[in-house]
Amino acid sequence: MLHKNDAIPLYVQLAKILRGDILNGIYKEGDLIPSEAQMSQKYKITRTTIRRAIADLVNEGLLSQVHGKGTYVCFKEVKYNIWNFGGFTDYIMNRAEIPYSVVLRKEIITIDNKKYLALDRVRGVKQGEKIVFLTIDYSQIPLDLFPGLEQYDFSVNSLYNLMRTEYNIFPKRAELSMNAMLGDRTMKETFKLQKDVPLLLASGQIFDRENREIEVLRVVYGPNIQFKVVANMEV
């Protein structure tokens, strides 16, 4: 119901109602929402008000307008369960999906007279024309173990696959700590957060079969990632 005497504009109220219907599954992916004429009659409001509400939801990525056909729901909730830590590309490909990466930073840095490749990436999955971003990874990789690693394009290459195939070094063990955090502006924009929500940060080191540290890593997990823990309680 719309409250016409409320200080909140009618188009904002209508957008909230439609958003709630989408998020609660009343309108599902691919559904055609009611026409402007239908909503105008139902809510007793002008088409201009309806168009402003729809425009907001299109900008949020919840609706898509097809000329001559109507307005469709394009929201598709995606949840990914992480049972154990491993390579992102391997995980997504095991789900028979297409991994997608954007490199935010790739440069050689020096720490205690030792050179590292600093590699920051946004990681996600491609669904048709839509990209759902799941993590932001911040890596430091020692170049004495991986000389020339900086030459590779990490928007299309898997870091761990390159380690295995080009350097014969195999990631084996992760030592990570988990903490809650609030996202910065980049994280909010990446994960399309409308407000401050807790994000999960995993930080630590990756070791190879010879117990050498091959990566210092921080991973920020977006809200589409769910963790499930399995523990053996038998002594």
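Trainee: How many helices and strands does the chain have, and what makes a stretch count as one?

Mentor: The chain has 6 helices and 10 strands. Helices are DSSP runs of H or I with at least four residues, strands are runs of E with at least two, and both are numbered from the N terminus. Keep in mind that this is a predicted model, where local features need pLDDT of at least 70, side-chain atom pairs count only at pLDDT 80 or more, and totals for chains, interfaces and linings use all residues. Residues are numbered from 1 along each chain as its sequence is written, and side-chain values use heavy atoms, with hydrogens and water left out.

Trainee: What makes Y100 and F133 an aromatic pair, and why is the pair called tilted?

Mentor: Rings of Phe, Tyr and Trp (its six-membered ring) pair if their centres lie within 6.5 Å; planes under 30 degrees apart count as stacked, over 60 as edge-to-face and the rest as tilted. A search of the whole structure finds 2 such pairs. Y100 and F133 are 6.2 Å apart centre to centre, with 55 degrees between the planes, so tilted is the word. Y100 lies in strand β4 and F133 in strand β6, so the pair ties together parts 33 residues apart in sequence.

Trainee: Why is Y100 called partly exposed?

Mentor: Buried means under 20% relative accessible area, exposed over 50%, and partly exposed in between (1.4 Å probe, protein chains only). Y100 comes out at 32%, so it falls in between. F133, at 23%, is partly exposed too.

Trainee: And what makes the pair of F146 and Y167 edge-to-face?

Mentor: Here the planes are 80 degrees apart, which is over 60, and the centres are 5.2 Å apart, which is within the limit. F146 sits in the loop between β6 and α5, and Y167 in helix α5, so parts 21 residues apart in sequence are tied together.

Trainee: How do you know that F146 and Y167 are buried?

Mentor: F146 has a relative accessible area of 0% and Y167 one of 17%. Both values are under 20%, so both residues count as buried.

Trainee: How do you know that R173 sits over the ring of F207?

Mentor: A charge sits over a ring if NZ of Lys or CZ of Arg is within 6 Å of the ring centre and within 35 degrees of the ring normal. The charged end of R173 is 4.3 Å from the centre of the F207 ring. R209 lies over the face of F170, at 4.0 Å from the ring centre.

Trainee: What makes a set of residues a nonpolar core?

Mentor: It's a set of buried Ala, Val, Leu, Ile, Met, Phe, Trp, Tyr and Cys residues joined through side-chain atoms within 4.5 Å. The largest one has 27 residues, of which F146, L149 and F154 touch the most other members. Helix α5 gives the most to this core, with 5 residues. A second, separate core of 18 residues includes L14, A15, I45 and L63.

Trainee: How do you know that the buried residues of α5 are on the same side?

Mentor: The buried residues of α5 are L159, Y160, L162, M163 and Y167. They cover an arc of only 160 degrees around the axis, which puts them on the same side of α5. That arc is taken from the directions from the helix axis to the C-beta atoms. What covers these residues includes β5, β6, β7, β8 and β9.

Key
Contact means heavy atoms within 4.5 Å.
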